[in-house]
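Thanks for making time this morning. I would like to walk you through two interfaces, one inside a chain and one between chains, and I will give each criterion as it comes up.

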Amino acid sequence: MTGRREPPDETAARRWAEVVSPGPYATVQDLGRPGYAHLGVPRSGAADAPSLRLANRLVGNPEGAAGIEATFGGTALAFPEGAWVAVTGAACPVTAAGRPAAMDCPVWVSPGGELRLGTPREGLRTYVAVRGGVAVPAVLGSRSTDSLSGLGPPPLRTGAVLPLGRAGASAPIVDQAARPPVPRPPVVRVLPGPRDDWFEPGALRALCAGPYEVTPESNRVGVRLSGAPLRRARPGELPSEGMPLGAVQVPPGGRPIVFLADHPPTGGYPVIAVVASADVALVAQLRPGDRLRFRLPGTPARL
Amino acid sequence: MTIRAAGEHGLLVETGSLEAAHRLDALLRAAPPAGVEEIVPGPETVLVVAPGADRPRLAALLAGLLRTAGEPAVPAAGEGGTVEIPVVYDGEDLEAVAELSGMTAGEVAARHAASPFVVGWLGFAPGFAYLVGLDPALHVPRLEVPRTAVPPGSVAIAGPYSAVYPSASPGGWRLLGRTDARVWDVTADPPATLAPGTRVRFRA
């Protein structure tokens, strides 16, 4: 684990979780490290931040506490002292100490028991919050693994030990969270610009005519899409500029990429539109082969 | 000069020049408007990400600051300080750069060290600063085949830019030398020595 900025928390060493299996790919995530983009640092943090926030609320943590982001499920964690946990995001079979357990509610894992995630039926990223939070050392104020820059802890490995923090004063007060169904394929709202004028007049309409399909090259940096190519109206190169979360960046081939949490803070391909912040989580839950449609709101947000 | 919407929370300010981008960056950092989370300068832009801001008010404020940033009298971010970076000019590509630019390796080193650099912006990796101001005689294309591993502290050039690799990474820039100076340290505050607008001199 990297980072020497914060002294080790004495109380944190007393409780821990052991990674029995990470599954295909699992990382520690909180809400990331905002404020450093001008120094080349991606924000990082949970790709589906609302799911991590919900998981934390369910176990009485601050919403920004670090939890586990499992990709395609499969994660198994052992809790020698027992722990309150909550599993949110992509719905998958869950067992706690061998018994079936529900998503989206607080679950007690008895001492020595394991929390096991199966494979999600749909969706991609499942979140596990543990009461007290995962207390690996913070780097630049965050415990998130940044898959682009390598900041933060390494991805989970079998046998790794994750220190747990001390539970705060607030007790879990939510029994079960209702989750609205997501239409398939999901409709993702986009706001035009900042560089829609780099494209042919019909390009925004083509983007929203869709559908687009998620390709296997997608990851925490971005979701690469196949579908109707978006054609540029002007040649030449755009000088590098700041990239917001959810930017729909279009490389020369015309196939859009939607930037997720670990996206580079600056980039040189024009951004035709930006995904509405509430819909970034929908994109983060798409797996290779899934489809999505983009939709422009009635009134474009132009200044 | 235009202010463009970049999603719900972002405003992309076109400054028309790097100098004006640095001045706007300095003005914003001196008195950050409420709700601003990121201020990201680029060669001709500043992206302002402000999830908590009153957007029309912020746009109006930025328009005003942009007019002020157009005046050369306003100091840019990092002005007043020059970071000096000691370099051992023994890089793997020094001879190749000498050949490409038609001079000796010694002349390449001397011209690099004499170039008045300014940190333009950061990108590619945490702490990786694009330094502008490279002597035009040293503008050479990047390697056709990037290296899979460039050691931290490598001093390199590509096109009109120079850089110090902040950490080990792949890289396609041509290596002129190396420095012991640390330009990136996650335990330091700020973690990057080379922030946008900082003036930089290399010393042989």
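I will begin with conventions, then take the domain interface, and then the chain interface.

What you see is a predicted model, in which local features need pLDDT of at least 70 and side-chain atom pairs count only at pLDDT 80 or more, while totals for chains, interfaces and linings use all residues. Residues are numbered from 1 along each chain as its sequence is written, chains are lettered from A and ligands numbered from 1 in the order in which they are written, and side-chain values use heavy atoms, with hydrogens and water left out.

Chain A is divided into domain 1, residues 10-164, and domain 2, residues 187-295, with bounds that come from an automatic or database domain assignment. Their C-alpha centres lie 28 Å apart. In contact terms, meaning heavy atoms within 4.5 Å, 29 residues of domain 1 of chain A meet 16 residues of domain 2 of chain A.

How much area is buried between domain 1 of chain A and domain 2 of chain A? The figure is about 1500 Å², of which carbon and sulfur atoms give 51%; buried area here is the accessible area (1.4 Å probe) that two parts lose on being put together, summed over both. On the domain 1 side, A:Ala47, A:Arg125 and A:Leu148 supply 31% of the area buried against domain 2 of chain A, more than any other three residues.

Between these two domains the rule finds one salt bridge, that is, a side-chain nitrogen of Lys or Arg within 4 Å of a carboxyl oxygen of Asp or Glu. Separately, A:Arg220 and A:Glu69 meet through their side chains in a salt bridge at 2.9 Å, N to O.

Turning to the two chains, the contact takes 36 residues from chain A and 37 residues from chain B. Together chain A and chain B bury about 2900 Å², with 60% of it on carbon and sulfur atoms. Across this interface the rule finds three salt bridges, and the side chains of A:Asp197 and B:Arg4 meet in a salt bridge at 2.9 Å, N to O. By class, the side of chain A that touches chain B has 20 nonpolar, nine polar and seven charged residues, where Ala, Val, Leu, Ile, Met, Phe, Trp, Tyr, Cys and Pro count as nonpolar, Asp, Glu, Lys and Arg as charged, and the others, Gly among them, as polar.
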